[in-house]
Amino acid sequence: TNTVQQIGGGRTYTLVTNGTNLQLLVQSNASPNPAFWTNARGTNSWATISGTNTTNWSSDSAGTMDTLQVPGGGTTDVFFTASNATAPITTTLDGSYSINSLTFQGSSPTNTNAVTISNGTGTNTLTISGGGITTQTGTQPHLISSKVALGTSQTWTLAAGTTLTVSGVINDFNAGFSLTKGGAAGNTGTLILSSGANSFLGGVT
């Protein structure tokens with residue numbers, strides 16, 4: 001007989017009973033993929049995870065299935081937002097994260113509400129891997145003011161008429177990674193890299 005209990009911190013206890021044997025297993029919940037922002041806990045923080053592992057993230061676009069873990073592992077595709085997320089969409093990292101991609105959707109509520117991603121408490125970095133960043137047609141202008149790291153060379157694809165501002169410092173840990181601005185030929189969105197201290201070595205094309 002197995003009894004599974006969510007015990008917080010992104011961990012699960014499993015009590016395994018087999019005859020006269022009793023075994024307690026402690027495991028970390030896997031990094032979610034995908035993860036849609038909901039702010040279901042109402043804290044505006046990426047880092048919030050309760051004693052029963054409820055978070056501000058959902059594994060479905062309707063926002064009905066909690067991920068029971070925060071994004072990470074370099075594998076999570078993060079979406080802003082689930083369709084049931086409420087404005088304002090002002091988020092804080094409150095920890096460092098490594099994700100595969102970040103997408104700002106063109107559907108409600110981000111078609112009428114801008115998203116901000118800021119540092120929060122501590123000194124934090126949002127590392128983005130090969131999936132890069134995408135702004136979909138119809139989405140509002142968005143702002144990332146936290147530090148951003150390139151986990152590899154990547155493309156940020158901006159649909160025409162969209163704007164993404166990254167005011168936080170972008171680095172690549174001296175790895176020589178490059179950033180390519182993508183989109184429809186001759187008709188891409190606007191990418192503003194406003195920090196004067198960006199230090200990724202591969203440059204922007």
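**Notebook: a salt bridge and a nonpolar patch**

I looked up Asp66 and noted it as partly exposed, because its relative accessibility is 26%; the class runs between buried (under 20% relative accessible area) and exposed (over 50%), with a 1.4 Å probe and protein chains only. The model is predicted, so I kept in mind that local features need pLDDT of at least 70, side-chain atom pairs count only at pLDDT 80 or more, and totals for chains, interfaces and linings use all residues. Residues are numbered from 1 along each chain as its sequence is written, and side-chain values use heavy atoms, without hydrogens and water.

Next I checked the partner of Asp66. Asp66 forms a salt bridge with Arg41, with the closest N and O atoms 3.8 Å apart. The rule asks for a side-chain nitrogen of Lys or Arg within 4 Å of a carboxyl oxygen of Asp or Glu. Asp66 sits in the loop between β5 (57-58) and β6 (77-80) and Arg41 in the loop between β4 (35-37) and β5, so the pair ties together parts 25 residues apart in sequence. Strands are DSSP runs (E, at least two residues), numbered from the N terminus. I looked up Arg41 as well: it is partly exposed, at 37% relative accessibility. My count of salt bridges came to one.

Tyr13, Leu15, Leu22, Leu24 and Val26 make a nonpolar patch of about 470 Å². Patch residues have over 30% relative accessible area and no salt bridge, and nonpolar side chains (Val, Leu, Ile, Met, Phe, Trp, Tyr) are joined within 5 Å. β2 (11-18) and β3 (21-28) are the elements giving two or more residues to this patch. The largest share, three residues, comes from β3. Tyr13 belongs to strand β2 and is partly exposed, at 34% relative accessibility.

Note on methods: Patch = residues over 30% accessible without salt bridge, like charges linked within 9 Å, V, L, I, M, F, W, Y side chains within 5 Å. Areas by Shrake-Rupley, 256 points an atom, 1.4 Å probe, with all protein chains shown as cover. Helix = DSSP H or I, 4+ residues; strand = E, 2+ residues; numbered from the N terminus.
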